[in-house]
Amino acid sequence: MSRKGLLARILRQAGLQLFLLGVTAFVAFPLLWVISMALDPRDIDKPLTLTLIPPGASLDAFRKVLFEPFLLLCRNPTDLSSCMTFPRLLQNSLLVALGTSLVCVVLGASAAYAFSRFRFIGRKAGMLGFIVLLMLPSTGTLAPLYVLLSQVKLGDESLRSTLLGLAIAYAATAIPFAVWNLKGYFDTVPKELEEAAVIDGASVTQTFIRIILPLSAPALAVTVLFSFMTGWTEFILAWTFLDNPSRFTLAMALRSMQGQYSTPWSEFSAMSIVMSLPILLLFFALQRYIISGLTVGGVKG
Amino acid sequence: MATISVPSSRPGQRAVGDLSGRLRRSRTAWIYILPAGLIMGVISFFPQLYQVGMSLTDYRIQNLRFNLFNPETYVKYAPEFVGVENFLRILNNTINVENYDFLRLLLFNLTWTFSNVAFHVGLGVLIALALNSRELIGRRVYRALFIIPWALPGYITALTWKNMYDDRFGAINQLFGVANGVLGTSLPTDTRWMVVAQPPIGGLLAFLPLAFYAVLLANVWLGWPFMTVVATGALQSIPHELYEAAEMDGASSWQKFWRITAPLIRPAMVPAIMLGTIWTFNQFNVIYFISEGDPLGRTEILVTQAFKLVYEKRLYGLAAAFSLVVFIILFAITLINNRVTRATEAYDVA
Amino acid sequence: MKKHAIWTLAGVLALTALVLGACGPAATPTEEPPAPPTEPATEAPATEAPLTGTVTLWHGWKESEIASLNDVIAGFQGMHPEVSIDVLYTPFDDLRGKFETAAATGEGPDLLIGAADWGPALYSAELISDVSMYASEDLLASVNSAALGAVQYQGAVIGLPHTIKGVVLFRNSSLIPDAPATWDDLAVSAQSATSGDVVGADLEYGFFFSAAHLTACGGILMDANGDPTFNNEAGVCWVNLLNGFKDVGPTEYNTDNDVNLFKTGNAGLIIDGSWNTSALAEAIGADNLKIDPWPAYGDSHLSGFVQTENVYLSANVAPENLDAAWAFVEYLFSPEAQAMLADPTKAAHIPAVSAVAISDRLMQETVAAFDLGTVFPVIPEMGAYWGPMDTALKSVFDEGADPAAALQTAFDSVTAGIQDIRSQ
């Protein structure tokens with residue numbers, strides 16, 4: 001290796017690192033700001049100076065958010081034990097987010113498979129329908145969804161006020177993308193594999209479950225991720241639909257911290273950080289899959 | 001698929017006399033799709049159909065008690081059918097909303113969309129290339145870090161950026177202060193980002209206030225990781241031999257990029273750009289929470305205007321019509337994009 | 001349960017009959033004692049069955065206010081142990097939408113505590129009831145008459161105001177020792193107190209906080225019908241007054257910066273809402289916090305909007321819960337409960353009921369400030385003002401537009417908006 005070559009390589013590496021460190025600074029700046037706010041005990045609108053660790057920094061906000069009951073979210077305001085705590089909110093958020101993912105994956109994958117593999121009457125119309133849904137904003141769909149889910153009664157309450165109902169409502173908005181993405185991915189799976197299986201005597205369902213789904217893990221991961229995100233972070237539908245504080249989610253709790261007149265920014269920031277960690281973890285865990293799961297029909301094209 | 005148009009069926013399945021086969025396959029398909037389709041029809045399609053219906057009526061607060069499932073409410077609360085009047089009013093600027101100008105709204109929305117997507121793709125691909133360099137140290141760490149803006153809940157990042165743009169205590173202005181101290185510059189440290197009405201760049205771009213550049217920065221911060229992820233996937237499947245062969249032929253980096261990289265990542269990037277366009281066009285969180293449409297409605301986009309029509313003016317029919325207008329525009333953009341993509345595909349050197 | 005429903009129905013019929021009885025047919029014979037005509041059945045003698053039912057209440061109150069609410073509920077349940085009260089908090093921004101969506105389908109709570117300007121719209125949508133059918137004359141008489149005026153709409157009493165709040169002038173007495181008697185005094189004190197990080201005054205000129213200053217110029221925002229009346233000399237005088245805020249110190253347009261500056265002890269005078277009183281007192285020390293009567297300006301004085309928060313009765317109340325719901329409302333307005341809500345360490349609500357004694361100094365000062373306040377218009381026409389007035393003020397202050405021209409533009413927009421609202 002010539003010295004010139006080595007120098008060139010070092011320069012290249014340095015150049016790359018400099019560039020990427022710059023990008024890192026760009027990415028990290030707002031994050032550090034949120035952390036700074038969460039550590040600031042003075043609890044005013046914004047910290048008065050640009051320091052990462054503000055004077056008198058404390059983990060008080062985190063402690064409060066994680067361990068103390070949320071006094072606004074109580075089944076019975078006089079009984080503190082009926083108030084929601086972080087673990088309970090977390091549990092509900094998980095239920096809703098996972099429920100949304102499940103509904104999206106099950107419904108989305110079966111519909112996408114049918115659109116991908118079968119030729120049937122109404123196929124083109126259906127595909128067009130999903131594209132339309134993808135582009136239509138859902139501003140005006142809250143009221144009809146509310147009424148719809150209120151029609152279904154589970155025991156003495158309606159589906160609408162349960163976490164399942166909420167998951168279904170979220171799935172309603174996340175499914176168009178799921179179908180579109182999954183269909184695109186299924187299209188790239190070679191039909192020869194299924195044909196081989198059919199020759200071996202497998203049924204349609206078996207080929208779907210044993211061959212297509214495992215090969216489509218990346219696209220399924222993307223679907224799970226996006227629908228989980230929706231279920232985890234949405235609060236407008238949640239606050240409109242749910243009446244029972246014991247079913248409230250983390251996103252709803254975050255929203256409740258925004259006061260009519262002022263917001264306790266320390267706690268709000270701390271809650272934001274803690275609420276974002278599971279999503280971040282999920283993203284990191286599924287990172288490999290996202291990269292290939294979004295390559296809709298890309299290189300196999 | 002490089003486009004999102006409906007793919008044509010394969011020749012092999014159109015064999016003459018295969019109608020019974022088609023029907024049989026149809027039935028299997030329908031059994032497969034029926035449960036999913038039914039549920040989706042109810043929860044996804046029906047509310048949107050309802051919205052379409054609302055857009056043709058003058059639905060206001062007096063009609064709130066109208067319930068499709070309860071025929072008793074039809075007589076008293078049914079909204080008045082007005083046909084396309086809502087749409088005409090939207091286009092003619094005759095709706096009574098402050099600072100409303102449809103053409104300016106549309107122009108801004110389109111400018112917002114295309115400038116964002118341009119930056120997203122440019123920055124995203126550039127960073128993906130950097131990350132894809134074989135000799136890069138710390139690749140995994142960077143990849144993990146760069147996913148964060150995309151992974152964080154949009155509501156939280158929007159409020160954070162809003163906070164950062166505050167004119168007295170915001171991080172951006174404080175950063176300028178620090179820069180003034182360290183670099184000796186004299187940047188203003190109390191810019192009222194969302195309020196200043198003087199456009200920083202005049203002439204053709206005079207309709208873009210300072211707030212536009214501020215929210216542009218915030219949205220670029222949010223959106224480039226998605227493009228990087230897609231580009232990375234595509235880059236990873238380009239065989240290295242192609243580059244080696246090009247180098248032996250004496251190709252420069254520039255030529256390598258435009259002749260090899262760009263055409264090969266294109267099939268992956270195009271649907272991503274399509275998605276990015278739709279998402280950016282309807283990017284609610286960033287506009288609504290950061291600039292709130294200020295100053296004077298010059299950073300308002302269609303979906304935030306529709307939202308305000310529902311929650312502030314309570315004009316539900318008009319808001320529904322707005323949503324439909326958004327759809328029509330996006331659909332048009334998609335069609336145009338498909339035509340352009342297909343036209344230029346033929347010229348690719350694969 | 002069914003038995004009680006029939007009782008309730010009979011009681012309501014009796015009431016209606018008694019009310020109509022003044023000019024008409026004989027009343028349905030019941031055990032009604034010779035009480036005032038509109039007295040609800042729950043005030044009947046002890047021979048009646050104990051009050052039962054479930055009362056559902058939705059609100060957007062914060063923690064300190066909920067502490068008072070719990071006291072009120074405890075007091076009520078002491079009297080009526082068989083009634084259960086179901087309370088649900090919803091973030092204020094989401095509360096109205098949630099109520100509308102639920103009530104529109106026939107569900108929702110029995111009682112809603114919400115902003116005054118929601119009333120007319122909710123009433124038009126038939127989601128809340130006219131409470132004059134249930135409210136006794138005593139009850140109505142005990143409510144502050146200006147506040148009561150704000151809940152009368154289309155001949156009905158659409159809600160009951162349980163607290164008054166509004167815009168006031170806060171002063172940090174450690175920075176500015178004396179209350180400014182006139183606007184010029186204010187300017188002088190503010191400028192002399194400004195040094196270093198400390199500003200003498202950080203005044204808010206956002207439309208909601210500043211519209212009442214029209215009084216200072218002898219003007220008024222709208223007439224009794226809601227039509228705009230600000231497009232005149234008084235209006236221009238008002239805009240110029242607001243423009244003059246800049247000379248006194250930094251200014252705010254609908255932000256919290258002034259409040260935060262005040263909390264850190266760096267602002268002497270701010271204009272903000274009385275709902276911030278306890279937070280400000282906590283931040284700078286209650287002894288340092290003063291609420292001043294509005295300073296004089298010319299022949300008149302500055303002013304601030306005063307508005308109420310109302311209790312609304314849903315139109316969907318189940319018959320078996322109606323008595324209990326109304327009994328709770330009555331209790332809420334009793335001097336006992338109002339005193340609980342006026343507790344300065346908890347909700348610190350300024351009562352809208354006249355008979356409650358206020359011992360806390362800050363609350364007394366607030367009431368004095370409200371005396372010079374301007375009633376906030378809650379009629380639907382008000383909805384047409386926000387946008388145009390915002391635009392007018394911003395165009396004058398940020399873009400240097402001419403006040404008269406800006407007001408004319410606003411006037412035209414408001415008029416068009418009002419026509420639109422009235423055409424429903």
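**Three chains of a predicted model**

Reader: How many bridges join strand S7 of chain C to S9(C), and do they run parallel or antiparallel?
Author: In this predicted model, strand S7 (residues 199-204) of chain C is joined to S9(C) by three bridges, and the two run parallel.

Reader: Which residue is the bridge partner of C:Val199 in S9(C)?
Author: The partner of C:Val199 is C:Ala267.

Reader: And how many bridges join strand S6 of chain C to S9(C)?
Author: There are five bridges between S9(C) and strand S6, which covers residues 160-172 of chain C. S6(C) and S9(C) run antiparallel. Within S9(C), C:Leu269 is the bridge partner of C:Arg171.

Reader: How many residues of S9(C) are buried?
Author: Strand S9, residues 267-273 of chain C, is mostly covered, with seven of its seven residues buried.

Reader: Where do side chains point in a regular strand?
Author: As a general rule, they alternate between the two faces of the sheet.

Reader: Let me move to chain A. How many helices and strands has chain A?
Author: Chain A has 13 helices and four strands.

Reader: Why is chain A said to be more spread out than a compact globule?
Author: Its radius of gyration is 24 Å, whereas the globule rule gives 19 Å for 301 residues; the value is well over that figure, so chain A is more spread out than a compact globule. The C-alpha atoms of chain A fill a box of roughly 80 × 70 × 30 Å along the principal axes.

Reader: What share of the residues in chain A is buried?
Author: Buried residues account for 49% of the 301 residues in chain A. As for contacts in chain A between residues at least 6 apart in sequence, 71% join residues at least 24 apart.

Reader: Now chain B, please. Into which domains is chain B divided?
Author: Domain 1 of chain B comprises 20-92 + 315-350, and domain 2 comprises 98-301. The centres of these two domains of chain B, taken over C-alpha atoms, are separated by 31 Å.

Notes. Residues are numbered from 1 along each chain as its sequence is written. Chains are lettered from A and ligands numbered from 1 in the order in which they are written. The radius of gyration is taken over C-alpha atoms; the globule rule is 2.2 Å times the number of residues to the power 0.38. A residue is buried if 20 or more other C-beta atoms lie within 10 Å of its own, exposed if 12 or fewer, and partly exposed in between; C-beta atoms are placed from the backbone. Two residues are in contact if their C-beta atoms, placed from the backbone, lie within 7 Å. Domain bounds come from an automatic or database domain assignment. Two strands pair if DSSP finds at least two bridges between them.
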